[in-house]
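Please find my notes on this model below, as numbered points.

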2 protein chains.
Amino acid sequence: MDYRKNMIYLFEPKSVALIGATDKPGKVGRAIAENLLKFPGKVYFVNIKCQNGQELLGKPCYKTIKDVPEDVDLAVIAVPAKVVPSVVKECVEKGVKAIIIISAGFKETGPEGAKLEEEILKIVEGTGVAVLGPNCLGVYVPKTSLDTIFNPPDRQDKPKHGGIAFISQSGAFGAAFMDRMADLGIGLSKFISYGNAMQIDESDLIEFLNEDPDTKVIAAYIEGVKDGRKFARVLEKLRKPLVVFKAGITQAGAKAASSHTGSLAGAAEIYKGVFHQYNVVDVFDMQELLDASVALERQPPMRGENVAIVTNGGGAGVMTSDYVVLHGMKLAELSEETKRRLKESLPPAASVNNPVDVLGDAPVERYEKAIEEVIKDEDVDAIIVIALMQSPALDFERFYEMIVRKAKEANDKGKPMVLILPGGRVPKEYVKKFVDAGIPAYITPLQAVKALRALKIRGERSS
Amino acid sequence: MDYRKNMIYLFEPKSVALIGATDKPGKVGRAIAENLLKFPGKVYFVNIKCQNGQELLGKPCYKTIKDVPEDVDLAVIAVPAKVVPSVVKECVEKGVKAIIIISAGFKETGPEGAKLEEEILKIVEGTGVAVLGPNCLGVYVPKTSLDTIFNPPDRQDKPKHGGIAFISQSGAFGAAFMDRMADLGIGLSKFISYGNAMQIDESDLIEFLNEDPDTKVIAAYIEGVKDGRKFARVLEKLRKPLVVFKAGITQAGAKAASSHTGSLAGAAEIYKGVFHQYNVVDVFDMQELLDASVALERQPPMRGENVAIVTNGGGAGVMTSDYVVLHGMKLAELSEETKRRLKESLPPAASVNNPVDVLGDAPVERYEKAIEEVIKDEDVDAIIVIALMQSPALDFERFYEMIVRKAKEANDKGKPMVLILPGGRVPKEYVKKFVDAGIPAYITPLQAVKALRALKIRGERSS
């Protein structure tokens, strides 16, 4: 049986057993145990030092998983590396469907650790048991409240439920990324730290998430792909947007990656070619990974290359124009008809060329007319709206409602819209509000244009 | 007399008169009047509709500036464009030292507006009166509490006092930038929105700030330089670090700039050459402008090109290595002696190559030893410390104290140190804390490496 059939139990088990559970503060087994207390399904704690049936943190505890009186879908293993093979064997005998091996001390530490992995692989071979890890943080699934991330809750915030799945070869980076998502109010379908990828690898995860009804966009931090051909086969069948942050693209980075995850990280050009071939959105920064994913979850692909900019600040319009061109798009040439209509409704000092400058004193109505006209223009493929919110003229709540309405109009015509709200406290608040309403919004013009580029790459897909 | 001698009165006047002061809510003249109520020097309000000596917002109000019974250093003008020339004439007759013309409706609106500017220039010619604007927001000087920025305080936050001066050709962008500085807790010496640069231009301002004892770093947003030779002359004499965000570098951007500020924005290659020649730090993003300025204010220049990275997360180390190389620096080859000492003090699983991976469970002591060794290594020119703060091992307060100590040690050896703290809520809090303590800290690895690049450009100066 194919282990991939059982991957669902990594995220939606009916019952979970934590092997290595403990009540000793500061231990990984304690932190995960506390997380599992929030899991609404059945939870069993396992520790070789327990008396069967003894209580641990209010749950029944057993000596081994085989002592658990009921079926267990998912086993989470947090015991020293050298005993992991025997524990896995017991899991298989118990009939678990999936295993997450949190424990470190495997391939990443040298040949002896690699041998342990081989041993485990032999034990699960042909059984259909799906194994994530070892040397990983495991999973966080907001929807099912399944959480094996052992970082302390006072220093690790976790995102709410949403449409972005995030897989990370690096656990620590993945945790930091989730922390940032939470801070920015961006939702997550599943976080998966896959560590050494002994069995389940990035290709398996992408393939799985492509079929996952909760996931709209797949974001990935990858140092090295385990099996290039398998990866290409998965990309070929991929329907959902995939954003990849591939690190280790320089010689120095590749060297660092090789001592981190043992990945063959090099061959940057090959990766680039593959990403381009399959319309994978390749990014090269933590923030861009998030920004692109936010746009892809919320807006339709950009079909074409012509961008219209509507702004109440000239300077932001200038830099955004630069960015548009430098990211492979063009400033739309507005039609004479559009310009004529804009002239009718905007004050004489406004610019009716693209970028359309509605001026610093623009009220909501003026913005609305300008946005309306550029949406209508057939040569416009995407709209960027810039609002400098420091100036006195704009009624924020009415601006918000108008943008939500106009974004829908644009989307109905197959045109994406993104927002730029430069500044501090107030813009940050509205960035969150717009993102929640399905309109990608960003603090800096560069962030927004990079995110729009992701929509353009997505739009280049023939399918 | 040279108007530049009087520029000091734009920032440190003993007395200010606001011409166009009003108590009508929502008016620019009201907003500036309210700001000036916080100015500790003498403040006079002027409005042609006032009876001399009448009170306006608790201050004496006069019909014209000539009716003010005492000397006035600075006149702030916020009256319709067409009456500005006559008001300026009265200011000159009154003997004011400097004028800020907030009013719009000049060159930026066409030939008639340009004629008004010529008229004003004739009036002030030879008088030595310094004129900022027109069509600008004016100045914000935290130290003297002089503030002509008329944006409402509930939507425009302003930074505290600090060593970064910021000049902006675009008022709206400048305001947004200040709002961001305030949100991130970064201090400002002077903000200057210089608008149409009728008389005082970017070169005058940079020259002035070079001598300003409160300014350590000059940051500038520029669309087009008014007088290229003058600019080059100023750069040649510049002693302080200058960071320039020059927008309008593409054809589309230049076109937008020309309709925004009438700047000849093109000739990107010429600018690039000049910036390179004079070690100006050229950036191309709002965030980078801020990040580079923060680093330049707080750390010594980087002499050399070799960076050492100390991290508790492998992934962040990999991407940072990539960035270092891609931004014209190198990963330092640690000496055998350094590696030997690192091996002695780090656990076997740690990497003693560069990036030095102190592992996810690193306590403060382990970090400290690693940082100590790389500072000592003679081939290391700069140190990047990465801390994934989500993991349980690190005591934040002791980490903070240790880094402050070690940064001083590094700086004493002429080596800059920057910090990367990826994530959300908690890292953001510590980014602020470290920045306050003089250690540039950033959320993303890319931000930090771009900021380090600024220190390297600075270090390339022969002087």
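1. Four salt bridges are counted between chain B and chain A (side-chain nitrogen of Lys or Arg within 4 Å of a carboxyl oxygen of Asp or Glu). One of them joins the side chains of K428(A) and D183(B), at 2.6 Å from N to O.

2. This is a predicted model: local features need pLDDT of at least 70, side-chain atom pairs count only at pLDDT 80 or more, and totals for chains, interfaces and linings use all residues. Side-chain values use heavy atoms, without hydrogens and water, residues are numbered from 1 along each chain as its sequence is written, and chains are lettered from A and ligands numbered from 1 in the order in which they are written.

3. In the interface, 68 residues of chain B are in contact with 67 residues of chain A (heavy atoms within 4.5 Å). Because 99% of the interface residues of chain B are also interface residues in chain A, the copies meet through the same surface.

4. Chain A has an open sheet of seven strands with mixed pairing, in the order β9-β8-β11-β10-β12-β13-β14 (strands are DSSP runs of E, at least two residues, numbered from the N terminus; two strands pair if DSSP finds at least two bridges between them). Its edge strands are β9 (146-147) and β14 (281-283) of chain A, each pairing on one side only.

Methods:
Helices (H or I, at least four residues) and strands (E, at least two) are DSSP runs, numbered from the N terminus.
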